[in-house]
Amino acid sequence: MRRFRIQYNKESPLQYIGNLDLHKVWERYLRRAHIPVAYSQGFHPQPKIQQAAPLPLGFLSQNDLIDVWVEPDTWTENVFLTHLQATQQPGIQILSVSSVPLNSPSLPTLIQSSLYRVILLDPVNLSELNHRLSLLVARDSIIRSRRNKTYDLRPLIEKIELIPLQEDCVAFEMQLSAREGATGRPEEIISEMGIDPYAARYIRTGFIMRE
Amino acid sequence: MERNTLLERLERILPTVEKPGRYVGGELNQIYKEWNSVKTHVALAFPDIYDIGVPNLGLTILYHILNERPDVLAERVYLPWVDMEAAMRREGLPLYALESKTPVKQFDILGITLPYETLYTNVLNLLDLAGIPLRSSERTINDPLVIAGGHAVFNPEPIAPFFDAIVIGEGEEIILEIINAYQEWKTASSPRVNLLAELAKIEGIYIPSFYEPEYHEDGTIRSIHSLHPNASLQIKKRLVAQLPKPPTRFIVPSIGVVHNRVSVEIMRGCTRGCRFCHAGMVTRPVRERSVDEIVSAVREALDATGFEEVALLSLSSSDYTHILDLVSRVADETSEHYLTISLPSLRIESFSVKLMEKLRGSRQGGFTLAPEAATERMRNIINKPISTRQLLDTAREIYSRGWTNIKLYFMIGHPSETIADVQAIADLCKDVLAEGRKVIGKRATLHAGVSTFVPKPHTPFQWVACDTLDQIEAKQSLLKRELRGPGLKLTWNNPHETLMEAWLSRGDRRLANVIETAWRLGAKFDAWQDQFNFEIWQKAFSIHRLDPSFYTHRQRAEDEIFPWDHIFTGVRKAYLLSEYRASLLEKTQNDCRQGCFACGILPKYADLRRNHPGNHWKCPEVPRRPVKVPMEQIA
Ligand code: SF4
């Protein structure tokens, strides 16, 4: 058995599907590509694949990762990549395939932080927005509640920056904690600044991984 | 609305609704063509949500046939769920097709499939969301041609005014003839009625506005008048002599839908002749695909989709001539990747257990059998003769071969059914479970799925009354009382939904007003338990001074003219009547594979049969016509 890590972009229209659905999309993609994926043991054998980190519905993602175990030891990165590229899957663009030691830690445990770009759909007043951002970062704590649990959003914001685009449009670049039980969500930051979180396009652009 | 504005508004709406993946298209195997690269644009609609509509095989077939033509594009349309509908109405978004996001109103042709009657209010909602006038009479040259097809339209009358044209029968060939007629009409740029007049000449096309029913005092039909020279008094169903190559490049939805699988129709039609069965009567004759064709379609489709399940579809799998060979070969084809195969409608016999054993993963789902009735008398009446002994033997075998759950389908409300026949259902279920207990003890379970019979047009039971609410409730409460306890599960239909299905099934043209009023009062998604509203329908009936029980609970006279009598399925009314009479005498009829008894198909389609000899079509061969040579040539 060998383990491979695929780096890919999740593009439109796949931002509108959830993680379970994305899992199925991958299963079928790998099957169409005739990749000899390994299956789990047991009564209901499941293909052995593992996504890096769940992505909220509506988000695009770049440099996303997924691990796939294949049965034959003879498979190489190149063979894997050729198979994937010869098969189409709308909304998934393959960037690279690398081999990973079978015993290396599981992909989700390696993720420390996620990077996001949030593009606001409506034109803004730049100086006003800068002001709101500076107020936000100046706060010691930002208590919010998610699923009836309160938590502090502030320590989850590792970096945040406002990027002017053309014609009064802006984007935020953020680095948010993505450790287990401490995951920052960009739409909460957007709404904390008094902006309609639905009037924005969200792209997770990558991960910061533990060594 | 401009396409770009629509896309911009969608981007804001989609994150706010449930399952936004329903509304974006772009799935694997979707066919996208540039709008201006083709002459004719067809929107194919399933009048329910994406999740139900995508797996529909009929539309999948038409989608591929149409898109194969270089001068045509076909796109898909489904209804938005209530949350999305509210958002669309709020934002003024029109209903659009998934591939190009073009508003439905801009298409040339809108084809709506109606596999069952409970979709009728959805049709009106669909037209309204698209901004198309509800009634054919109100449409102009700027509206698409609105056509319907599917099993429900064998009685087109309740929805007649809403459609410009209705396709009776199989769509594979006729759809291209419709396109041709449309293209010719469009170049001539003549009035809309000219298009309808041309379409009326095509065999299998019904133009509702060319007909007018006349009623007796008592509300039954006196006659149906043709109002146009091209409108023939009988619309004969279209059928294809040989099933064309099945579609294989199925659209693979990126979200979960009701059936996520490759579906291959192995055979169309059924020769069993169960008297309650609408599909069995209207899809005659039986035509089979060859094992080779099916196996290669399965292979191609799995390659193109990556689906984890294959369904081999037919009304009666056991009757497919080479079923064992087929199942073994499909099982080989899918042996990799733990794929599952589903095989519906198996006969109650041990051979079925042998078939299912060849199918990997089949034990997880439970074993389904459909005895439909529990006493010999009832089974003779409905013409589904199997013995209780055989059922119990088969059940024991199923339990002893590794299945722990058996699902039995029954129907209550068959003609002349008594409470004793219903008690027999409960007793039989317990007997079956007892067989299971003998072999595997407490692990054995039984699920009784008991639906309520709705008399359907074009069947031998089209004359009979549907059970009343009281009758249904009495029967259901007996079952609920009897069928409980460990290992037993019972499911049943909401009796109000049964009644709605009953009046829509055998309705006449006057029901169109009721349907429209019900929709205006808020009825939609009637097939959804949580959306269906019986009171609205009662109100709509009373507004139009019609009595639902006229349609549901009335026993019809043998010589009554039915609202659907001018639609001809190929099976003669006289034959249906003889079958109905046989049911009263509790006499059964053989499977017609064992001997044709002239249901009407063969004489009506004799030329078609003659021109397509061979084993795929299960009616007897029709010999070539002797060539008549004029006497003087012989001399
Ligand atoms: S014509 Fe004869 S063989 Fe054909 S479907 Fe009718 S009864 Fe059966």
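**Reading a loop residue and an interface**

Colleague: Where does B:Ser416 lie?

Modeller: B:Ser416 sits in the loop between strand S16 (405–412) and helix H15 (419–440) of chain B. Helices (H or I, at least four residues) and strands (E, at least two) are DSSP runs, numbered from the N terminus. This is a predicted model, in which local features need pLDDT of at least 70 and side-chain atom pairs count only at pLDDT 80 or more, while totals for chains, interfaces and linings use all residues. Residues are numbered from 1 along each chain as its sequence is written, chains are lettered from A and ligands numbered from 1 in the order in which they are written, and side-chain values use heavy atoms, with hydrogens and water left out.

Colleague: What is phi of B:Ser416 near?

Modeller: Most residues other than glycine have a negative phi, and most peptide bonds are trans. For B:Ser416, phi is positive, near 65°. B:Ser416 is partly exposed, at 47% relative accessible area; the term covers values between buried (under 20%) and exposed (over 50%), with a 1.4 Å probe and protein chains only. A:Asn148 also has a positive phi, near 65°. Its loop runs between strand S6 (143–146) and strand S7 (149–152) of chain A, and A:Asn148 is exposed at 83%.

Colleague: Which residues does a cis peptide bond join in chain A?

Modeller: A:Ser12 and A:Pro13, with omega about 0°. A:Pro13 belongs to the loop between strand S1 (2–10) and helix H1 (19–32) of chain A. In chain B, a cis bond links B:Arg284 to B:Pro285, with omega about -5°. B:Pro285 is in the loop between helix H8 (278–282) and strand S12 (287–288) of chain B.

Colleague: How much area do chain B and chain A bury between them?

Modeller: The size of an interface is often given as the accessible area lost when the parts come together. Here the two chains bury about 2400 Å², 57% of it on carbon and sulfur atoms; this buried area is summed over both parts, using a 1.4 Å probe. In chain B, B:Glu11, B:Arg12 and B:His337 lose the most area to chain A, together 25% of what that side buries.

Colleague: How many salt bridges are there between chain B and chain A?

Modeller: Four, where a salt bridge is a side-chain nitrogen of Lys or Arg within 4 Å of a carboxyl oxygen of Asp or Glu. One of them pairs B:Glu308 with A:Arg31, the closest N and O atoms being 3.2 Å apart. Helix H1 (3–13) and helix H9 (291–305) of chain B are the elements that give two or more residues to the side touching chain A. H9(B) supplies the largest share of that side, four residues.
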